[in-house]
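Thanks for coming. Please look at the structure on the screen while I go through a few of its features.

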Amino acid sequence: MAIAFEDNQFLHSIERIENLVSKVLAIAMVVVTLVAVGDLCIYLSKELFAEPLGFFTTSLITIFGLFLNILIALEILENITAYLRKHVIQLELVIVTSLTAVARKIIIFDSKAANADIAGLALAVLCLAIGYWIVRWVNRNDGDREH
């Protein structure tokens, strides 16, 4: 029993659990993505075959939101699979996923919303953009030092 709690053995057990959880998350994300694609296809076919035939009865903003949901799901899946490959969380990829999510919110944004909501989204975009720039700058400089 004492062997199981030695540092190396314990850390190895934790790593195996992390891998298992990551794999379960990846499978769940694939299922969610496939269901979202199916939902989008059903929604589009209903819209295209509704009266008047061949025209959308809802706004394109709603449809774009559904497409962006799938793109965000794919980026989250990419985050999970990148973790499985390298066993590190890739901050740049996480920030890009966050930027996509905020961009989705801006695209489907209700223009009647409060000014505080607009200011909050603007601040989120600014902070994420600055964070992305910093991460890119650090990664580029680290790459220069390796050569």
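I start with the residues of α2 that are buried: Ile63, Gly65, Leu66, Leu68, Ile70, Ile72, Ala73, Leu77, Ile80, Ala82 and Tyr83. Buried means under 20% relative accessible area, exposed means over 50%, and partly exposed lies in between, using a 1.4 Å probe and protein chains only. Helices here are DSSP runs of H or I with at least four residues, strands are runs of E with at least two, and both are numbered from the N terminus.

Before going on, this is a predicted model, in which local features need pLDDT of at least 70, side-chain atom pairs count only at pLDDT 80 or more, and totals for chains, interfaces and linings use all residues. Residues are numbered from 1 along each chain as its sequence is written, and side-chain values use heavy atoms, with hydrogens and water left out.

Now the length of α2. The helix runs over residues 60–86, and its 27 residues should span 39 Å at 1.5 Å a residue. The end C-alpha atoms are 39 Å apart, which agrees. The expected span is 1.5 Å times one less than the number of residues.

What covers the buried residues of α2? The cover includes α1 and α3. Contact, here and below, means heavy atoms within 4.5 Å.

Take α1 first. Two packed helices are described by the angle between their axes and the distance between the axes. The axes of α1 and α2 cross at roughly 160° and come within 9 Å. That makes the two helices, α1 and α2, roughly antiparallel. On the cut-offs, angles under 35 degrees count as roughly parallel, over 145 as roughly antiparallel, 65 to 115 as roughly perpendicular, and the rest as oblique. The axes are lines fitted to C-alpha atoms, for helices over the stretch in contact, with angles from 0 to 180 degrees between N-to-C directions.

Thr33 sits in helix α1 and is buried, at 7% relative accessibility. Leaving out residues up to four places away in sequence, Thr33 touches Ile70, Ala73 and Leu74. Of these, Ile70 and Ala73 are among the buried residues of α2.

Asn19 is also placed in α1, which covers residues 7–48. Is Asn19 buried or exposed? With 17% relative accessibility, Asn19 counts as buried. Apart from neighbours within four places in sequence, Asn19 is in contact with Leu84 and His87.

That brings us to His87, in the loop between α2 and α3. At 37% relative accessibility, His87 is partly exposed. Just after α2, His87 takes a positive phi of about 60°. Most residues other than glycine have a negative phi.

Next is α3, residues 91–107. Its 17 residues reach 24 Å from first C-alpha to last, close to the 24 Å expected at 1.5 Å a residue. Its buried residues are Leu93, Ile95, Thr97, Thr100, Val102 and Arg104.

Asp117 and Thr100 are 17 residues apart in sequence and 17 Å apart in space, C-alpha to C-alpha. Asp117 is partly exposed, at 41% relative accessibility.

Last, the cysteines. Cys41 is partly exposed at 46% relative accessibility, and Cys127 is partly exposed at 47%. How many disulfides does a search of the whole structure find? The search finds 0, where a disulfide is a pair of cysteine sulfur atoms within 2.5 Å.
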